[in-house]
Amino acid sequence: MGLIPFDDRDGVIWFDGQFVPWRDAKIHVLSHGLHYASCVFEGARLYDGEIFKLTAHSERLVNSARVLDMPMPYTVAELDAACKETAQRMGLTDAYLRPVAWRGPEQMGVSAPATRTHVAIALWEWPSYFDPEVKRRGIRLTHARYRRPAPNAAPWQAKAAGLYMICTLSKHAAEAEGYTDALMLDHKGDIAEATGANIFFVRDGQLHTPTPDSFLNGLTRQTVMEIARKKGIEVIERAISPSELPSFSECFLTGSAAEVTPVSEIAEHRFTPGDLSLGLMEDYANLVRRK
Ligand code: PMP
């Protein structure tokens, strides 16, 4: 089956406070967000008709806009309501939600304080970020071409479009070599995350995960840490060097799109998805569906 282009689908998109037919949700080529990456977004999932952690996602969108110095014309409550109505109007029960905010075409140039912040919300069916069969066995990662920028080199607390340039390049390079994703290091050379998900390791029944001090402290990461601690699993947040990779038995990624995805390889290192990863994968799947 070929890809269905994202501008040629049925349904509606919430666009600056109104619902417009999907194919009419267009912006001008001279939009500031397109040229200067003044754009922030969210990615959430709808399970059985409910958007998981919706308010946390809306809060992060508002915060990302604040970090990028973009005035946000809607409150968290208004964004929540708009997301829910989008889900209702699209009539889907299991889908991916994409709110996005960007500086418009009102002014062009590096400095553009006269631009308005525009906001859109779209929802589409997106069953699994990684192939479900491959996911159980574990996905294969290689090293990324790029590192996460140093915390004083980019507004890393924001889920900002500009920060994804190095993710797309790294993921493309990994895929061209037959891998599914890539492991990004931070500016110091420690392990940071994958290109669109956080990372965890298992050693002697304990979970180890990098401290999110130059990359997104993902909502799924926080949820999985909470689940693990409730199960009595010790979770250690710390700087993790790539030289430690041979000492870990299991590895998995977390993200709203990726959910909990076991990893079987990082370049020459091998991991076997075991009770801990598969258990958390199932616990997360049950939590999001309130089973
Ligand atoms: N890091 C990056 C680069 C991401 O794109 C994502 C997905 N939003 C995450 C981490 C995980 O964040 P979350 O669990 O909030 O989806």
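**Aromatic contacts, a helix face and the ligand site**

Trp124 is buried, with a relative accessible area of 12%, where buried means under 20%, exposed over 50% and partly exposed in between (1.4 Å probe, protein chains only). This is a predicted model, in which local features need pLDDT of at least 70 and side-chain atom pairs count only at pLDDT 80 or more, while totals for chains, interfaces and linings use all residues. Residues are numbered from 1 along each chain as its sequence is written, and side-chain values use heavy atoms, with hydrogens and water left out.

The structure holds 12 aromatic pairs. Rings of Phe, Tyr and Trp (its six-membered ring) pair if their centres lie within 6.5 Å; planes under 30 degrees apart count as stacked, over 60 as edge-to-face and the rest as tilted. One of the pairs joins Phe6 and Trp124 edge-to-face, at 5.0 Å centre to centre and 70° between the planes. Phe6 belongs to the segment before β1 (12-15) and Trp124 to strand β7 (residues 117-124), so this pair ties together parts that are 118 residues apart in sequence. Helices (H or I, at least four residues) and strands (E, at least two) are DSSP runs, numbered from the N terminus. Phe6 itself is partly exposed, its relative accessible area being 47%. Through ring pairs, Phe6, Tyr96, Trp124 and Trp126 are linked into a cluster. Phe6 also has Arg9 over its face, at 3.8 Å from the ring centre; Arg140 lies over the face of Tyr179, at 4.5 Å. For such a charge, NZ of Lys or CZ of Arg is within 6 Å of the ring centre and within 35 degrees of the ring normal.

Turning to helix α3 (residues 76-90), its 15 residues should span 21 Å at 1.5 Å a residue, and the end C-alpha atoms are 21 Å apart, which agrees; the expected span is 1.5 Å times one less than the number of residues. Buried in α3 are Leu79, Asp80, Ala82, Cys83, Thr86, Ala87 and Met90. Seen down the axis, these buried residues fall within an arc of 165°, so they line one face of the helix. The arc is taken from the directions from the helix axis to the C-beta atoms. Ala77, Lys84, Gln88 and Arg89 are exposed on the other side of α3. Gly91 follows the helix with a positive phi, near 65°.

Finally, the ligand is surrounded by 14 residues, the closest being Tyr164, Glu193, Leu219, Thr220 and Ser256; a residue is near if one of its heavy atoms lies within 4 Å. A side-chain N or O atom of Tyr164 is 2.4 Å from an oxygen atom of the ligand.

Notes. A polar contact is a pair of N or O atoms within 3.5 Å; within protein, one must be able to donate a hydrogen and the other to accept it, and residues adjacent in sequence count only if both atoms are side-chain atoms.
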